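Biologist: I'm new to this one. Could you show it to me and then walk me through it?

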Amino acid sequence: MKISKNTVVRFHYTLKSPEGELIEKSDEGQPKAYLHGTDGMTKGLEEAMEGKQAGDKFDVTVSPEEGYGLRRDNAMQRVPVKHLMGAKRWRPGMIANVNTDHGQRQVSIVKVGRFMADVDSNHPLAGKTLCFDIEVVDVREATDEEMSHGHAHGAGGHHH
Ligand code: ZN
């Protein structure tokens, strides 16, 4: 089966900077799953996935515009430390999740005090060119439930 709209894709990835520095990768034996065409995947990566099938391996370079967007100036925000999710203690440079009106977002910690933290609300990968190494593990048709939720369920996908 080829990757097309409303298929659920499981894949391994390694994400590097253009200089070859490792940014993140999927866990060993735990491919990531997404619903092709609706799951809010990085646009440039999703386009490269189209038409591929299980076992395919390929590299794709994604520009900031097709990745996580360009960095915005004036993206500094002051938020209560208790709203930061993902760790107990925070240091500058760490990545936190925060809930916003637009859903959960990642921010970078710039400065942290006892009660308030200054964060950069640009996505940590904003403004970066992304070099992906992809291996497609499997492709299947999405279930009705997955299509109505707009994301993949099961291993590597969303858990409710
Ligand atoms: Zn769901």
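Modeller: Happy to! One term to begin with: two strands pair if DSSP finds at least two bridges between them. Please keep in mind that this is a predicted model.

Biologist: How many bridges pair strand β7 with strand β8, then?

Modeller: Strand β7 covers residues 103–112 and strand β8 covers residues 116–120. They pair in the antiparallel sense, and Ser108 stands opposite Asp120 in β8. The number of bridges between β7 and β8 is four.

Biologist: Which strands stand at the edges of the open sheet?

Modeller: The sheet has four strands in the order β5-β8-β7-β6, with antiparallel pairing. An edge strand has a single partner, so one side is left without a neighbour in the sheet. That describes β5 (76–80) and β6 (95–100).

Biologist: Which residue in β9 is the bridge partner of Val60?

Modeller: Strand β4 (residues 57–62) runs antiparallel to β9, and six bridges join them. Strand β9 (residues 130–141) also pairs with β1 (residues 7–16), over ten bridges. There, Val9 has Val139 as its partner. For Val60, the partner in β9 is Phe132.

Biologist: What arrangement do the four donor atoms make around the zinc ion?

Modeller: The protein donors are His149 (ND1), His151 (NE2), His153 (NE2) and His160 (NE2), lying 1.9 to 2.1 Å from the zinc ion. Four donors count as tetrahedral if all angles lie between 85 and 135 degrees. Here the angles are 99 to 124°, which makes the arrangement tetrahedral.

Biologist: Is His151 buried or exposed?

Modeller: Buried means under 20% relative accessible area. The value for His151 is 11%, so His151 is buried.

Conventions:
Residues numbered from 1 in each chain as written. Predicted model: local features only at pLDDT ≥ 70, side-chain atom pairs only at ≥ 80, totals over all residues. Heavy atoms only, no water. Donors = N, O, S within 2.8 Å, 3.2 Å for Na, K, Ca; no water. Tetrahedral: all angles 85-135°; square planar, octahedral: opposite > 155°, others 65-115°. Buried < 20%, exposed > 50% of the residue type's maximum accessible area, 1.4 Å probe, protein only. Helix = DSSP H or I, 4+ residues; strand = E, 2+ residues; numbered from the N terminus.
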